[in-house]
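I opened a new notebook page for this model. The entries below follow the order in which I looked things up.

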Amino acid sequence: MQIAFIVAGFPIASETFILNQITGLLQRGHQVDVFAQWRDTGSGPHPDVTRFRLVERTFYLHVSPHRTARLLSALDALGRAMSRGQLRIFRALDPRRFGRQALNLRVLNQMRPFIGRPAYAVVHCHFGPSGVIGDTVRQLGLTAAPLLTTFHGYDISSFVRERGPEVYKNLFRDGDAFTCSSQFIRNRLVSAGCPAPRIHLFKLGTDLKKFSFTARVPDETGAVRLVTVARLTEKKGLEYSIRAFAKLAARFPLLEYNIVGDGDQRKPLERLLNGLGLNGRVRLLGWRTDPEVREIYARSHLFVLSSVEAANGDIEGQGMVLQEAQAMGLPVVCSRHNGFPEGILENESGFLVPERDADALAACLTTLLQRPGTWPEMGQRGRAYVEAEYDLEKRNDALVALYDELRARRARP
């Protein structure tokens, strides 16, 4: 199959789930083109980007801020489309359809990389706004392929709050299928007007070859290390896991906490640590490569993720770090947020606490710290659960099966 992926940025270090699908398809003999709205320059390249030469497969939907450049690019797009008989491209100039973005040539410029591309079997869009672009590609006659959009979190929460309930009206009308990783997001999609019969619950996979299991026991010194892997943003709720640690610090003097990731909340979190007197015991490690993250997992004992719904309505996606941690044998403690309850075995591989409740989080961690003998069995249950439900190879096979289903459905009269 020839498959097109439409994404926001590519490659993004925190969105390995997209990269894993692309490389999985390539390994199965399919061809993939990636259309990205912007290029991520904030982190080093992932080895698979180089290994699979994905830069050569990626086309950027760049729209110049300069009028002359936009005009020249638009004229080139029209000329190329006309030479290929793709005359519906002229609809990109219709302000009744696209409003101001037609007049400032944004739509026409954004569509330029799609002109003359192969006849795709499927167009797969990650995140709702990418689905809107995919729907436009079809409206303008640049593809006739089935359109699949995967929703993750912010795209059906804060994005809808910001843009209004009609933002996905055309996409929900035209899209062939929609996937999401939790019942929570499915309910949000239905409430926003997405046709329920076209929604598929689809879990994203974890590469179990990279995350090896180890039964967890305290160090000989008695030291215990908590770990969180998350961007330093409001919705990750790191304030609450830090405050929970503060409640435990005196009682468990050998307890440590490492936070892996970076983001706009770094300065506020540093001030919080200073105020609580936790410098040296809670460490903000910043961004780390995938191998470095796995090494930090391997040295840790318990995993914590206290995510919350942000003030603007932004929410988490699947929380794939929960599956990574369980795959490596770490008992997990997380908030009852989005699909997190569907991503662990509650009271078996981990525990759930209410959002923004540092007291409940501290109490749950206290129970685990007092009962280290339970850690190995919890880790084994977590690993078995991830193997059964989140194995990347199985999930990528399921993705191909979904593509085949959409193609067959589209081919029917």
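**Aromatic rings and their surroundings**

I began with Y168, which counts as buried at 2% relative accessibility; buried means under 20% relative accessible area, exposed over 50%, partly exposed in between (1.4 Å probe, protein chains only). I note that this is a predicted model, where local features need pLDDT of at least 70, side-chain atom pairs count only at pLDDT 80 or more, and totals for chains, interfaces and linings use all residues. Residues are numbered from 1 along each chain as its sequence is written, and side-chain values use heavy atoms, with hydrogens and water left out.

Next I looked up the ring pairs. I found 16 aromatic pairs in the structure. Rings of Phe, Tyr and Trp (its six-membered ring) pair if their centres lie within 6.5 Å; planes under 30 degrees apart count as stacked, over 60 as edge-to-face and the rest as tilted. Y168 and F172 make a tilted pair, with 5.5 Å between centres and 50 degrees between planes. F172 is buried at a relative accessible area of 5%. Y385 and Y390 have ring centres 5.8 Å apart and planes at 70 degrees, so I logged them as edge-to-face. Y385 is buried at 13% relative accessibility, and Y390 is buried at 2%.

Which residues form one aromatic cluster? I listed F17, F127, F151, Y154, F159, Y168, F172 and F178.

**P129**

I then turned to P129, in helix 7 (residues 128-139). Helices (H or I, at least four residues) are DSSP runs, numbered from the N terminus. P129 is buried, with a relative accessible area of 16%. Leaving out residues up to four places away in sequence, P129 touches Y154, D155, F159 and Y168; contact means heavy atoms within 4.5 Å. From P129 to D94 I noted 35 residues in sequence and 20 Å in space, C-alpha to C-alpha.

**Helix 1**

Helix 1 (residues 16-27) has 12 residues and reaches 16 Å from its first C-alpha to its last, close to the 16 Å expected at 1.5 Å a residue. The expected span is 1.5 Å times one less than the number of residues. Is helix 1 mostly covered or mostly uncovered? I found it mostly covered, with 11 of its 12 residues buried. Among the buried ones are F17, N20, Q21 and L26. G29 follows helix 1, and its phi is positive, near 90 degrees.

**M82**

Last, I checked M82, in helix 3 (residues 67-83). M82 is partly exposed, at a relative accessible area of 47%.

Definitions and conventions
Helix = DSSP H or I, 4+ residues; strand = E, 2+ residues; numbered from the N terminus.
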